Amino acid sequence: LAEALHEHPSLTDLNLTANYIGDEGMDTLANMLRDNTSITDLHLYNNDFGDQGVFALAGAIQVNSSVAKLHLGGNSIADQGVIMLALALQVNSSLTRLLLNDNNISDQGVIALAHGLRYNSSLTQLDLGDNRIGDQGVSALAGMLRINSSLTSLDLSANNFGDDGVIFLANALRNNSSLARLDLRDNDISDTGGTGLVEMLLYNASLNYVGLPDAIDLEERVEDLTEINTEAASSHVAFGKKVKLLVDSEQDSSEDAVSLALVGLGRFSESDQRQEVLHGLLGSHERGKDVAASVDLATRRILYRYAAKSAAGPALANLLRAHPSLCERRDK
């Protein structure tokens, strides 16, 4: 097969799923890939190779410029093989999807992979489901997500991490604007980790799917927030809708809504963007005045300044209804 592909380099999709290809066969395929420029999708799921076969493949990926999807799930790949793939990802610029699910990868391999992805700007989908990744490995991925801006889908389902790893992820994803899908199902996550994810989703505007273990009783809230991200036309619109969600919610306080709004007002610089955030907080005729009345003197002055500069009429009106003295301050 490898010899035929050398002679007829026109095939784009090569599917060798569920065969008995071992390390020796992988070495032959890797030699072919060094010269091939047509194959874009390479499926090697459920074969018999391990780290040694991946060593050869990683060397080919460093010089190959056509393979975009690489499916290596269901093999015997462990940390050493992933370390070699991580080195290849630092120089490869064609690979967009890397599937490593159902292997034997633990923290050591993932730490190396996370380091490699700091220097990669092409990979958009990474599947690490059904491996042995713990909190330390997830922490390394979280650090990578603070830097990487190309990854849009990350599957970490069926691994060995818990709340600590999730909190690392949640803190990193507050300001991430590229990741759209995050699968955390079948891990040892409790409501503590789930609460951290909910808090993160108030600030994150890119995630439209977060898969959670069945034991977590926060699925409805997560779905509400990811639905806002999906439907909102822009991040500032999503921010305004989330602020309003807190304002209208019986389980959240006005202080929570005000705190979120202040972050949004600091994050967005254009007047129309700040109008969306202020409208979510103070724009409601029924609740706007109540929220305005609940803030302390320093906060009301900050909100008034933003509302005046942004020409946010409804928000400004509710602030003045609750605090007429702001008019006197402006006159002075």
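Student: What share of the contacts in the protein chain with a separation of 6 or more comes from residues 24 or more positions apart?

Tutor: That share is 80%. Keep in mind that this is a predicted model.

Student: Okay, and how many helices and strands are there in the chain?

Tutor: The chain has 16 helices and eight strands. Its C-alpha atoms fill a box of roughly 85 × 40 × 25 Å along the principal axes.

Student: How much of it is buried?

Tutor: Of the 332 residues in the protein chain, 54% are buried.

Student: Let's zoom in on a helix. Which residues of α2 are buried?

Tutor: Helix α2 covers residues 23–35, and its buried residues are M26, L29, A30, M32 and L33. They span an arc of only 165 degrees around the axis, so they are on the same side of α2.

Student: Why do residues three or four places apart point the same way in an α-helix?

Tutor: An α-helix has 3.6 residues a turn, so residues with that spacing point the same way.

Student: And what's on the face of α2 turned away from the buried side?

Tutor: You'll find the exposed residues E24 and D35 there.

Student: New topic: helices packing together. At what angle do α5 and α6 pack?

Tutor: Helix α5 (residues 107–117) and helix α6 (residues 135–145) pack at about 5 degrees, and their axes are 8 Å apart. With that angle, α5 and α6 are roughly parallel, because anything under 35 degrees counts as such.

Student: Which residues meet there?

Tutor: From α5 you have D107, V110, I111, A114 and L117, and they meet Q136, G137, A140, L141 and M144 of α6.

Student: What about α7 and α8, how do their axes cross?

Tutor: The axes of α7 (residues 163–173) and α8 cross at roughly 5 degrees and come within 9 Å. That makes α7 roughly parallel to α8. On the α7 side, D163, V166, I167, A170 and L173 meet T192, G193, G196, L197 and M200 in α8.

Student: Now rings! How many aromatic pairs does the structure hold?

Tutor: Two. In one of them, the ring centres of Y203 and F239 are 6.4 Å apart and the planes are at 70 degrees, so the pair is edge-to-face. Y203 belongs to helix α8 (residues 191–203) and F239 to helix α10 (residues 235–248), so this pair links distant parts of the chain, 36 residues apart.

Student: Are Y203 and F239 buried or exposed?

Tutor: Both Y203 and F239 are buried. F239 has a relative accessible area of 1%.

Student: And what does F239 form with F268?

Tutor: F239 and F268 form an edge-to-face aromatic pair, 5.6 Å centre to centre with 85 degrees between the planes. F268 is in the loop between α11 (254–267) and α12 (271–282) while F239 is in α10, so the pair ties together parts 29 residues apart in sequence. F268 is buried too, at 7% relative accessible area. Put together, the ring pairs link Y203, F239 and F268 into a cluster.

Student: Which charged end sits over the ring of Y203?

Tutor: The charged end of R174 does, 4.2 Å from the ring centre. Over at Y209, R181 lies over the face of the ring, at 4.2 Å from its centre.

Student: Which residues does N131 contact, leaving aside neighbours within four places in sequence?

Tutor: Among them are L100, N101, D102, A158 and N159. N131 and L100 are 31 residues apart in sequence, yet 8.6 Å apart in space, C-alpha to C-alpha.

Student: And R221, is that one buried or exposed?

Tutor: R221 counts as buried, at 13% relative accessibility, because the cut-off for buried is under 20%. R221 lies in helix α9 (residues 219–231). Leaving aside neighbours within four places in sequence, R221 is in contact with V198, L245, L246, Q251 and D252.

Note on methods
Residues are numbered from 1 along each chain as its sequence is written. This is a predicted model: local features need pLDDT of at least 70, side-chain atom pairs count only at pLDDT 80 or more; totals for chains, interfaces and linings use all residues. Side-chain values use heavy atoms; hydrogens and water are left out. Buried means under 20% relative accessible area, exposed over 50%, partly exposed in between (1.4 Å probe, protein chains only). Helices (H or I, at least four residues) and strands (E, at least two) are DSSP runs, numbered from the N terminus. The arc is that of the directions from the helix axis to the C-beta atoms. Rings of Phe, Tyr and Trp (its six-membered ring) pair if their centres lie within 6.5 Å; planes under 30 degrees apart count as stacked, over 60 as edge-to-face and the rest as tilted. A charge sits over a ring if NZ of Lys or CZ of Arg is within 6 Å of the ring centre and within 35 degrees of the ring normal. Axes are lines fitted to C-alpha atoms, for helices over the stretch in contact, and angles run from 0 to 180 degrees between N-to-C directions. Angles under 35 degrees count as roughly parallel, over 145 as roughly antiparallel, 65 to 115 as roughly perpendicular and the rest as oblique. Contact means heavy atoms within 4.5 Å.
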